[in-house]
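Here is a set of questions and answers for someone meeting this structure for the first time. Each answer sets a computed value beside the definition that applies.

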Amino acid sequence: MAEIAQKLGVASSTVSRALRGDPRISAEMRQRVETLAKNAGYRPNPLVSALMANRRRRGGGGEVDVIALVTNYGGRENWRAKDVCRWEYDGIVSRAAALGFRVEIFPFGEYGCDADRLIATLRARGIRGVLLGFSRDEALQAPFCTEGFAVAGLSA
C-alpha cells in the first residue's frame with residue numbers, strides 16, 4: 001500500500017480506505033488506486049485485514065475477530081486428552097488474545113469431512129485466519145482452498 005500511495009502522492013490511509021471502498025474517497029481516486037493495486041499484483045493479507053478491522057471497531061461493542069482452529073482428531077474434545085495438545089492450545093489462545101483475537105474450534109468431522117462446507121461456514125462468519133492442527137487421522141485428507149485466508153499448520 002505504501003508503494004501505491006507514493007506513486008499517487010497520497011497517504012497510505014487513503015490507499016487503505018480506497019481499497020475498502022470508503023465513500024470518503026472519490027470514485028476517481030478509488031479507481032486509480034484499484035488499477036495500480038491490480039497492476040502491482042497487490043493482495044491484502046487476510047489476517048492483517050482482520051486485525052485492522054478489529055482495531056477500527058475497538059471503541060464499539062468489544063467484538064474481536066476469530067481465528068479458526070480446524071481439528072481432525074475425532075471430535076471437539078478428544079485431542080484435549082493429550083497434554084501436548086492442551087499446552088499448544090493454551091499457548092495459541094493466550095497469544096491470540098494478546099493480539100486481539102479469539103480462537104474457536106472447528107472439528108472437521110462436524111462438517112462431514114467436507115472441506116467446501118467448512119470453508120463456506122468460515123467465509124459466512126467472516127473468519128479469515130485458520131490454524132490447521134490436532135489431526136489424528138492422517139489418511140483422511142481433503143483439499144482446503146486457502147484463497148482469502150491466512151493459514152498456518154501445526155505439526156507433531
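Predicted model: local features only at pLDDT ≥ 70, side-chain atom pairs only at ≥ 80, totals over all residues.

Q: What makes residues 27-40 count as a helix, and what span do they reach?
A: A helix is a DSSP run of H or I with at least four residues, and helix 3 has 14 residues, so residues 27-40 meet that requirement. From its first C-alpha to its last, helix 3 reaches 20 Å, which is close to the 20 Å expected at 1.5 Å a residue.

Q: Why are some residues of helix 3 called buried, and which are they?
A: A residue is called buried when its relative accessible area is under 20%, and in helix 3 the residues that count as buried are M29, V33 and A37. These residues cover an arc of only 65 degrees around the axis, which puts them on the same side of helix 3.

Q: Which residues are exposed on the other side of helix 3?
A: There, A27, E28, K38 and N39 are exposed, a word that calls for a relative accessible area over 50%.

Q: What do the buried residues of helix 3 pack against?
A: They pack against helix 1 (2-8) and helix 2 (12-19).

Q: How many helices and strands does the protein have, and what share of its residues counts as buried?
A: The protein has 6 helices and 4 strands, and 34% of its 156 residues count as buried.

How values were computed
Residues numbered from 1 in each chain as written. Heavy atoms only, no water. Helix = DSSP H or I, 4+ residues; strand = E, 2+ residues; numbered from the N terminus. Buried < 20%, exposed > 50% of the residue type's maximum accessible area, 1.4 Å probe, protein only. Expected span 1.5 Å × (residues − 1). Arc of directions from axis to C-beta. Contact = heavy atoms within 4.5 Å.
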